[in-house]
Amino acid sequence: PSSDPVTLQNNINYTCSHVDCRVMQKGCPCNSPDNLINHASIAMNLYYQSKGRNLWNCHFGNSGLVTITDPNRND
């Protein structure tokens, strides 16, 4: 959540070159909210899940964060 926009966009570019990120396209359920942090989170999670859920699959130059709960929930 504290990563700068350039890092987030680089993470999206990298992950989406390795996994199918079509779920983030306009009109798809994972497009909302339509902002950079949401799209980076989804792309990084897709990559992490597809590569075996190893901690090293979510490093992203110290911009990744593995959570066991949804970090966007406020309860």
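Visitor: Which way does α1 pass α2, in a left-handed or a right-handed crossing?

Guide: α1 passes α2 in a left-handed crossing. That word applies if the near helix is turned anticlockwise from the far one by less than a right angle, while clockwise would be right-handed. Helices here are DSSP runs of H or I with at least four residues, numbered from the N terminus.

Visitor: Before we go on, what kind of model is this?

Guide: This is a predicted model, where local features need pLDDT of at least 70 and side-chain atom pairs count only at pLDDT 80 or more, though totals for chains, interfaces and linings use all residues. Residues are numbered from 1 along each chain as its sequence is written, and side-chain values use heavy atoms, with hydrogens and water left out.

Visitor: Back to the helices, then. At what angle do the axes of α1 and α2 cross?

Guide: Roughly 35°, and the axes of α1 (residues 5-16) and α2 (residues 36-50) come within 9 Å. Axes are lines fitted to C-alpha atoms, for helices over the stretch in contact, and angles run from 0 to 180 degrees between N-to-C directions.

Visitor: Which residues make the contact?

Guide: Among them are L8, N11 and I12 of α1, and A40, A43 and M44 of α2. Contact means heavy atoms within 4.5 Å.

Visitor: How many of the contact residues are charged?

Guide: There are no charged ones; the contact has 11 nonpolar and four polar residues. Ala, Val, Leu, Ile, Met, Phe, Trp, Tyr, Cys and Pro count as nonpolar, Asp, Glu, Lys and Arg as charged, and the others, Gly among them, as polar.

Visitor: You mentioned N11. Is N11 buried or exposed?

Guide: N11 counts as buried, at 7% relative accessibility. Buried means under 20% relative accessible area, exposed over 50%, and partly exposed in between (1.4 Å probe, protein chains only). Leaving aside neighbours within four places in sequence, N11 is in contact with M44, F60 and S63.

Visitor: New topic: which cysteines does the disulfide join?

Guide: C16 and C21, with 2.1 Å from S to S. A disulfide here is a pair of cysteine sulfur atoms within 2.5 Å, and the structure holds one. The torsion about the S-S bond of C16 and C21 is about -95°, so this disulfide is left-handed.

Technical notes: Helices (H or I, at least four residues) and strands (E, at least two) are DSSP runs, numbered from the N terminus.
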